[in-house]
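This report describes one protein chain for a reader new to structural terms.

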Amino acid sequence: AMNVAVLVLLVLQSTVGLLALLRWRRALRVGARFPTSLVATHVVVADTASILWIVRLVVDHSAWGWASLVVLLAGNGIGDLVLAGRWRLDQATSGAWLKGWVSAAKGLTNPKRRIGAAHATLAGVTTVAMLVACLIG
């Protein structure tokens, strides 16, 4: 049951991520730079984690689950880079990555960012759920 719940969370996470991406693209100012390669990498890595999880369900071998978790963690890290980069683009500023990430995370409390906030929150929930599913086998 937990393995299926993780799959549902992965699908939900991907769907909300797609909505966040579409909303971001629509909101871009004319001439604004969009980090296409970084966002594409985030999507490919996250989708790879989903595929590995499906393989885990099909072959019923826990090693695939652990591989999926490792890939998902990498995808989350890339997502954090996207989050910080988006804040810097929106604010037309540069500076330390950590400062940008903290400011971007705080910015998720803005009602205009509720889809982004849902995507970021689901990333954490999905990761913890996957870890629990891997630990219980």
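## Helix 1 and the overall fold

In helix 1, the buried residues are Asn3, Val6, Leu9, Leu10, Gln13, Val16, Gly17, Ala20 and Trp24. Buried means under 20% relative accessible area, exposed means over 50%, and partly exposed lies in between (1.4 Å probe, protein chains only). Helices (H or I, at least four residues) and strands (E, at least two) are DSSP runs, numbered from the N terminus.

This is a predicted model: local features need pLDDT of at least 70, side-chain atom pairs count only at pLDDT 80 or more, and totals for chains, interfaces and linings use all residues. Residues are numbered from 1 along each chain as its sequence is written, and side-chain values use heavy atoms, with hydrogens and water left out.

The protein chain has five helices and zero strands. Read from the N terminus, its elements run α-α-α-α-α. Of its 137 residues, 31% count as buried. The chain exposes about 8,000 Å², and carbon and sulfur atoms supply 70% of that area. Accessible areas come from the Shrake-Rupley method with a 1.4 Å probe; for residues, only the protein chains shown count as cover.

Contact means heavy atoms within 4.5 Å. Among contacts between residues at least 6 apart in sequence, 64% join residues at least 24 apart.

## Helix lengths

Helix 5 is followed by Gly137, whose phi is positive, near 95 degrees.

In helix 5, the buried residues are Ala117, His119, Leu122, Ala123, Thr126, Thr127, Ala129, Met130, Ala133 and Cys134. An α-helix has 3.6 residues a turn, so residues three or four places apart point the same way.

Leu122 is found in helix 5, which covers residues 114-136. Leu122 counts as buried because its relative accessible area is 14%. Leaving aside neighbours within four places in sequence, Leu122 is in contact with Leu9, Leu12, Gln13 and Val16. The C-alpha atoms of Leu122 and Val16 are separated by 8.7 Å, although the two residues are 106 residues apart along the chain.

## The nonpolar core

A nonpolar core is a set of buried Ala, Val, Leu, Ile, Met, Phe, Trp, Tyr and Cys residues joined through side-chain atoms within 4.5 Å. The largest one has 13 residues, of which Val6, Leu10, Trp53, Leu72 and Met130 touch the most other members. The elements that give two or more residues to this core are helix 1 (2-27), helix 2 (36-59), helix 3 (62-91) and helix 5. Helix 5 gives the most to this core, with five residues.

With neighbours within four places in sequence left aside, Val6 is in contact with Trp53, Ala129, Met130 and Ala133. Ser68 lies in helix 3. Ser68 counts as buried because its relative accessibility is 0%. Under the same exclusion of neighbours within four places, Ser68 is in contact with Ala49, Leu52, Trp53 and Met130.

## The surface patch

Patches are made of residues with over 30% relative accessible area and no salt bridge; like charges are joined within 9 Å, and nonpolar side chains (Val, Leu, Ile, Met, Phe, Trp, Tyr) within 5 Å. Trp66, Val128, Leu131, Val132, Leu135 and Ile136 form a nonpolar patch on the surface, with about 570 Å² of accessible area together. Helix 5 gives the most to this patch, with five residues. Trp66 lies in helix 3, and Trp66 is partly exposed, with a relative accessible area of 35%.

## The salt bridge

Side chains of opposite charge can pair when their charged atoms come close. A salt bridge is a side-chain nitrogen of Lys or Arg within 4 Å of a carboxyl oxygen of Asp or Glu. By this rule the count comes to one salt bridge. Arg56 forms a salt bridge with Asp60, and their closest N and O atoms are 3.5 Å apart.

Arg56 is buried, with a relative accessible area of 2%, whereas Asp60 counts as exposed at 61% relative accessibility. Asp60 lies in the loop between helix 2 and helix 3. Asp60 is not a glycine, yet its phi is positive, about 55 degrees.
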